[in-house]
Amino acid sequence: MKCSCRKNNNGSYSMSLAEYKYYSLSSLSGPLIFVQKVFNAKIGEAVKVFTPDGKQLDAEVLEIEKDTVMVEVYGETQGMDLEQTAVVFTDSLKMASLSTDIIGRIFNGSSEPIDGLPMFIPEKRAPVNGCPINPTARARPEEFIETGVSVIDGLNTLVKGQKLPVFSCSGLPSKELVASILKNAMLVEGPSDFNDREVTALDSNFIVIFAALGLTFHDYSFYMSVLEEMKSGFVAFVNMASEPVMERLLAPRFALTVAEYMAFDKGMDVLVVITDMTNYCDALREVSTARQELPGRRGYPSYMYSDLAAIYERAGRIRGMKGSVTMIPVVTMPEDDITHPIPDLTGYITEGQIVLSRELHQKDIFPPVDVLPSLSRLMQRGIGKGHTRDDHRSISNMLYKYYARGRDLRRLEAIVGKEGMSKKDKIMLDFADALEREFIHQPVERRGILDTLDRGLDLAKRFSPEI
Amino acid sequence: MRGTIIGISGPTVTVAVKGLKLYDMVLVGHSSLTGEVVRIEGDRATVQVYEDTQGLAVGEPVEGTGSPLTVRLGPGLLSGIFDGLQRPLQRLQEESGPFMRHGKRVSALDDTLKWTFHPLKQKGDAVLPGEIIGYVNESSFKHFIQCHIQSEGNLDHISEESFSLDTPVAALEDKKKIFGSHEWPVRVPRPYKKKLAPNEPLVTGQRCIDFLFTIAKGGTAILPGGFGTGKTILEQSIAKFADVDIVVYVGCGERGNEIAELIEEFEFLKDPWTKRNLMERSILVVNTSNMPVAAREASIYTAVTIAEYYRDMGLHVLLLADSISRWAEALREISSSLEEMPGEEGYPTYIASRLSSFIERAGAVETIHGKTGALSMILSVSPPGGDLTEPVTQACLRAAGAFLMLDTSLAHRRHFPAINWFQSYSLYGKKLLEQFRNVAFAEWEKAQLKCREVLRKEETLREITEIVGIEGLQDEDRLLMSVAEMIRAEFLCQNAYTEDAFSTPEETLLKLSGILNFYSASSEKLKEGAALDEVLMQKKQ
């Protein structure tokens, strides 16, 4: 017998003194359980499942047909049977427990603490799926975030409230790039004019929320050591590669519910890092197949765009509120293919992308960011006077233009040889090499935005084609 | 018509209600979620719910409204921001905060606002169905108030003062009341007397479109392109600068932050043609990607019905949709949840016919009141992986009059708008050219031919350069390469963030003539024996 007091989705408190245990299972299939003779189940209702060997698992109502309910289990369904497995309906949607005490804690994909400490006392509960932000309530993202990485700050600037994914390929150092952003990101205000050589670090409530989906132990220990070194607070939701697939779908939702709470209830600036969205999408496909849904492109479900949007679109700012949710999802492109449905749909939802390149990695450039396909859609609003420096736009346009020209010419060079090219073209070729070595390449140090811009300006001057 | 829910699967709900008609609107559950009947089998009906069904339970009540999904049409739509079901987002925000809660019902139009009515008919006058009885001033337009489409008779009385939308402005002798607003089913095109051939150019302010791929008033164009090719920026630039009376912008399954940006800009920017605030000529229908899928499907119909309503007042309305692929995907999601047989790429087989009948709602028309109005459409398409052979792009291609292909490689070179000048086309070209030639610019057509020729020759020369290097070309060809470069960088490119974002036809022609004149002058000099570098330096000064 359980006694619980919880807020249901209508906002009122309901006491469920005696929850009925249903033993009327009719079939089991993968993560799905069918329960019969259920009274008034709700779609999305949180469910508890008690296995014959005494374990308790979380689950959710997925489909109802008269009194037969299809329940999806978050966790391993191995060892369940039709006779002794019991199901309890909780009468409320899947909720996340929220409190500022959550800072510094590590949870699994079902929001249970895995850092050895007891569960905190929640201050509030909110449904994990959240509600869409009313588009008219959104504030335009325009505040510069200094990541300390030249190629991002200078050419693909990140702003508060943006969602900017990292498109990586297997074997490329995406986690080192993410680690460097986590360690170095801060909010700054640009100088008022060119001669002013200072940027002001803004006093802020900055916090990182980390959602790891299907992480290997190797990656996990890497990220944990990074998080522990960080000055700002963090919250981690970790689903390991060996842990249930369903929790992979849940972990980012817990992370974002916490993020929205920290941002819009507590006025903090939240950076959400989700890695790896490719594992998320594969989990979505796996679950969709178990539900016997019609597969779409490459077997992914046809609602994958809407599902991804429900996650990514939770980033943003709200007019008249202090906090913000900024998101850096990591996507590993299967077969290095940017047109694969996962990076493709992601790119259609997010506000740009940071694309890593195998070629640059082989040249030992770190971070190996390929500038040409990379893009920050919200950059225009977040740079220039008052944000970074007034010549930021012209510097970045110039670097981009020259580099694009240089890259074009590299193909020509392969055919006609450098000797056969005009002086101007040779300069552009040298520029492309120099940009990669001196501007993009940044193995250890953090670079402030002014340092980044000065380096860019210096390059543009040294290799000006007008000479 | 009342009944209960007997099954729920995602946004699809099975209900036991007798007497429902196909595509009737129903209110589902305790929180009265809006839904549409999509299938009837015996006493059971399948309902597509337009809102989030989380928390909905079997056994909750269902009520049929007896009418299909409608939008409310009347004064006060202008400057409005609505969701896919025409709920006013600003008032929704005032009432329930920054997050969208489901089941909240707010009327699209503000019933408390007073409008000054100018009658055009008198007591006793005979009124035909849909006939205009008077007008109110909305923004700078006369917003005509019409008799209901199914009523006619003699006027019993007609108001001569201000009214609000909840009270009738007139009544017929058979006691039928005429209100300032009326409901119209979104999936039914509004009637007109006849369609007119699209003969007049629609000036978008984008040089590449206006000059090379002119679109007609009442015409349709599609903008397909992979992500990062600048579809949204181009749609928004056109929304800001196009020479039209009213812009209806549909954000269909796209990004929330972009809409926030659009709204802030519209509130601040001026219409370059009338110098009035942009918001005064705009209506936004916004169903971002994280808002319910079924409402996304409905959003383009909501928008086109509003657009047709203003067209019927004799105005030129431009409908911009970003993006039609998101609509198609919503249709696919719905179709798959109804377990319909999938066609190509999982899209339902009726996707092409739905799309073409939607696109056919555009056109220049003679309205039932004898006015000339036009509804033009510019739709962006987001083909997966940038692959234009996919079904949505192909279906659009068959129905639309202009194809403006956005090119990823141009976008990577930061050539914006990234319209590919070889692949794109406009079927309106010839007729509109005559219009441009007769009315304004005699040299328009000649300049256009010359411009295309230079770009075409450049393409051939580029292939040669790849082999022999630029040094291997003759001076004349190198000059052409430089001129083509000028055309691309200075004429076809247009920075959406600067003054250059908008160009009148005069400025467009002037700019190109400048480059072409330089070209002919330089070729002359080359023939006279001048050195190429010298000739090219002339341009720099």
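Two strands count as paired if DSSP finds at least two bridges between them. The views below come from a predicted model.

**View 1. A three-stranded open sheet in chain B.** The order is S10-S12-S13 in chain B, and the pairing is antiparallel. Strand S10 (118-119) and strand S13 (141-146) of chain B form the edges. Each of these edge strands pairs on one side only.

**View 2. The pairing of S12(B) with S13(B).** Strand S12 of chain B spans residues 132-138. It is joined to S13(B) by 6 bridges, and the two strands run antiparallel. Look for B:Val136, whose bridge partner in S13(B) is B:His143.

**View 3. The contact between chains A and B.** Chain A contributes 58 residues and chain B contributes 56 residues. On the chain A side, at least two residues each come from several elements, including strand S7 (56-65), helix H6 (304-312) and helix H7 (341-349). Strand S13 (138-139), strand S22 (316-318) and helix H10 (392-416) of chain A are also among them. H10(A) gives the most, with 6 residues. By residue class, the side of chain A that touches chain B has 30 nonpolar, 16 polar and 12 charged residues.

**View 4. Strand pairing across the two chains.** Strands of a sheet pair through backbone hydrogen bonds, either parallel or antiparallel. Here S7(A) meets strand S1 (residues 2-9) of chain B, and the two run antiparallel. The link consists of 3 bridges.

Note on methods. Residues are numbered from 1 along each chain as its sequence is written. Chains are lettered from A and ligands numbered from 1 in the order in which they are written. This is a predicted model: local features need pLDDT of at least 70, side-chain atom pairs count only at pLDDT 80 or more; totals for chains, interfaces and linings use all residues. Two residues are in contact if their C-beta atoms, placed from the backbone, lie within 7 Å. Helices (H or I, at least four residues) and strands (E, at least two) are DSSP runs, numbered from the N terminus. Ala, Val, Leu, Ile, Met, Phe, Trp, Tyr, Cys and Pro count as nonpolar, Asp, Glu, Lys and Arg as charged, and the others, Gly among them, as polar.
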